[in-house]
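This report describes selected features of one protein model, from aromatic ring pairs to a pocket. The sequence and the structure are shown first.

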Amino acid sequence: MVAAASKGTAVVTLPSDTQILITREFNAPAHLIYRACTTPELIKRWWSAKRGAVTVAEVDLRVGGRWRWVMVTDEGFEVGFHGEYREIVPNERIVNTEVFEGFPEPDAYSVNTMTLTEHAGRTTMTVLVEHQRPEHRDAHINSGMEAGMQDAYDLLEEAAIALRADA
């Protein structure tokens, strides 16, 4: 039996004036969610959220390693993000910086902490996004990020479920 994906179920809250907290349960084990979030070929399957094509998915998965993901939207705009890994606990936690390459302030970045908690083959992902300043958090929230994130997480879940089916 193929596991069903749960659509658009991420919850976004604002714990402080500089933080965004995203919580989403996936119908897949933690090691497959982790793999889909750290493997370039798999990132290319979900990160664009069906709004374009991922053209770059570079992952140097080690503390101090860098990552960079770029997509070209259906409208022809290039959207890029990059950062550095600060902490890695395989299948459980990743802490990394994130810079939106189109943001007008070059020193603006967030520190993102992704935590995966598995129970009975399902995984709860929490992502705490910590911005330097309230206006950066507000720009992030007001960018329309939630709709794209919901679609991307749906595709992430589908990629993880497909990995389970391939096993």
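Phe26 and Tyr153 are both buried (under 20% relative accessible area; exposed is over 50% and partly exposed lies in between, with a 1.4 Å probe and protein chains only). The model is predicted: local features need pLDDT of at least 70, side-chain atom pairs count only at pLDDT 80 or more, and totals for chains, interfaces and linings use all residues. Residues are numbered from 1 along each chain as its sequence is written, and side-chain values use heavy atoms, with hydrogens and water left out.

In the whole structure, 6 aromatic pairs are found. Rings of Phe, Tyr and Trp (its six-membered ring) pair if their centres lie within 6.5 Å; planes under 30 degrees apart are stacked, over 60 edge-to-face, and the rest tilted. Two of the pairs are tabulated below.

| Pair | Centre distance | Plane angle | Class |
|---|---|---|---|
| Phe26 and Tyr153 | 5.9 Å | 70° | edge-to-face |
| Trp67 and Trp69 | 5.2 Å | 65° | edge-to-face |

Phe26 in strand E2 (residues 19-26) and Tyr153 in helix H4 are 127 residues apart, so this pair links distant parts of the chain; helices (H or I, at least four residues) and strands (E, at least two) are DSSP runs, numbered from the N terminus. Trp67 is buried, at 6% relative accessibility, and Trp69 is buried at 11%. Ring pairs join Trp67 and Trp69 with Trp46, Trp47, Phe81 and Phe100 in a cluster.

Tyr153 also belongs to the largest nonpolar core, which has 37 residues; among those with the most contacts inside it are Ile22, Trp46 and Trp47. Such a core is a set of buried Ala, Val, Leu, Ile, Met, Phe, Trp, Tyr and Cys residues joined through side-chain atoms within 4.5 Å. Helix H4 gives the most to this core, with 8 residues. Beyond its neighbours within four places in sequence, Ile22 is in contact (heavy atoms within 4.5 Å) with residues including Met125, Met145, Met149 and Tyr153.

The largest pocket holds about 1200 Å³ of space. On a 1 Å grid over the protein atoms alone, a pocket is an open set of points where a 1.4 Å probe fits, with protein on both sides within 12 Å along at least five of seven lines; lining residues have an atom within 4 Å of a point. The volume is the space filled by probe spheres set on the points, which are joined across faces, edges and corners. Of the 41 lining residues, Trp47, Phe81, Glu98, His140 and Met145 lie nearest the centre.
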